[in-house]
Amino acid sequence: MISSVLTTTAAPSSSFSSTSFTRKRGIFRHSSSSSRVASSFSASSSTNASSNTDILQAMCEAVQLCSKLTSKTQKMLESSDQVSKLDDSPVTVADYAAQAVVSYVLEQKYPDVALLAEEDAKVLRGGSEETRGLLEKITEITNECIFGDDVSVYLSREEVARLIDRGNHEGGSESTFFVLDPIDGTKGFINQRQYAIALGLCEKGKIVGGVLGCPNMPMSKIPEDVDALETKKPGVIFAAYENLGCKYAAMDAKEPVGKDSFTATSDQLVKCGEDGARYMESWGDSIVADHAFTNALSEKVGITRKALRIDSQAKYGSLSRGDAHIYLRFPPKTYREKVWDHAAGAIIISESGGVISDAAGVPLEFGNGRFLDINGGIVASATPELHEQLLKAIADLR
């Protein structure tokens, strides 16, 4: 498990500094210091609830800072600020800047822990006038988020690109690393719906911690008669650590895993049938939504309630606090799931009392690199009994 000793020093305009940095406009140099974080990440080392809570709190701080950036920029998106990725999902200025911000905070707190994240800065180094302008805007937004109005401190374009590229870790089962999707559900982000900042902690192939920031999610329980979540600020943050349970709080909470939090527990009494279990799926414009199959599956197990459509890993948060009871995800056979799309959500589910696996009942394996090898889809359920019922029905239908 994880053991860490934190000794922090003050940093200009930021409470996240635990290493010594020299910052001048256009310059960002790492320097040695006795105040540097001394941290040991090892599956065999001892730990306690207090140190793990400290780690989770640091992850929450990174996500909360990032949410300020994404919330501010969500309504400022312009088509010229989007780059087409290979999977045809849009990447915005906010996507890159969000990754740079979280990378910065994590490097300050845990400089020796790698980061596996969705984006890389290769396209930003393309050399064209368009990409230079894009990187300049990303750099501006990143600096504003981290340092505010303090113009004496500044990350250069090169440093911001390096922070983004910290996410190029290849993962695996022999190391400990953070897993980040800076804006999960980019279609929801662009269309003013739900999205999530998803940050997990993987230790030797096992997800041991996770934080989901959902800046547009209501704190109150989702009403029974709606089929989509309304957008409501300040949003919700979910946090879970292995054997410590799952908490949720308002996105702007000062102690999101402490006194400002609520315990997240999936509905342990739900059953299929009339007015019983309710399932969630992605919107109709999502590549991972097979509405025909989910409709057939819900009919077979006797679900009568209307599906709840939610973008992103916000679905995992909704399930964890009992808003809904089932998440069904059945992408095309040619689609490869990525670890950042489920790392944070998986432990949010398991620590709130739910179950998650692939469609064959095999637990998700996060130690095989940047992709998840799954059979047929992903199923998350509020209870083991409900999960077993769904897996049997899936096998029968296929």
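Me: How do the residues of the lining of the largest cavity divide into nonpolar, polar and charged?

Reply: By convention Ala, Val, Leu, Ile, Met, Phe, Trp, Tyr, Cys and Pro count as nonpolar, Asp, Glu, Lys and Arg as charged, and the others, Gly among them, as polar; here the lining divides into 4 nonpolar, 2 polar and 3 charged residues. Among the lining residues are Glu281, Asp290, Arg329 and Phe330. This is a predicted model, in which local features need pLDDT of at least 70 and side-chain atom pairs count only at pLDDT 80 or more, while totals for chains, interfaces and linings use all residues. Residues are numbered from 1 along each chain as its sequence is written, and side-chain values use heavy atoms, with hydrogens and water left out.

Me: Is aspartate 95 buried or exposed?

Reply: Buried means under 20% relative accessible area, exposed over 50%, and partly exposed in between (1.4 Å probe, protein chains only); aspartate 95, with a relative accessible area of 0%, is therefore buried.

Me: And which backbone nitrogen lies 3.4 Å from a polar atom of the side chain of aspartate 95?

Reply: That nitrogen belongs to isoleucine 183.

Me: What is threonine 73 in contact with, leaving aside its neighbours within four places in sequence?

Reply: Contact means heavy atoms within 4.5 Å, and threonine 73 has such contacts with Ala94, Ile141 and Phe189. Threonine 73 is also buried, because its relative accessible area is 9%.

Notes
A polar contact is a pair of N or O atoms within 3.5 Å; within protein, one must be able to donate a hydrogen and the other to accept it, and residues adjacent in sequence count only if both atoms are side-chain atoms. On a 1 Å grid over the protein atoms alone, a cavity is a set of points where a 1.4 Å probe fits but cannot get out, and a pocket is an open set with protein on both sides within 12 Å along at least five of seven lines; lining residues have an atom within 4 Å of a point.
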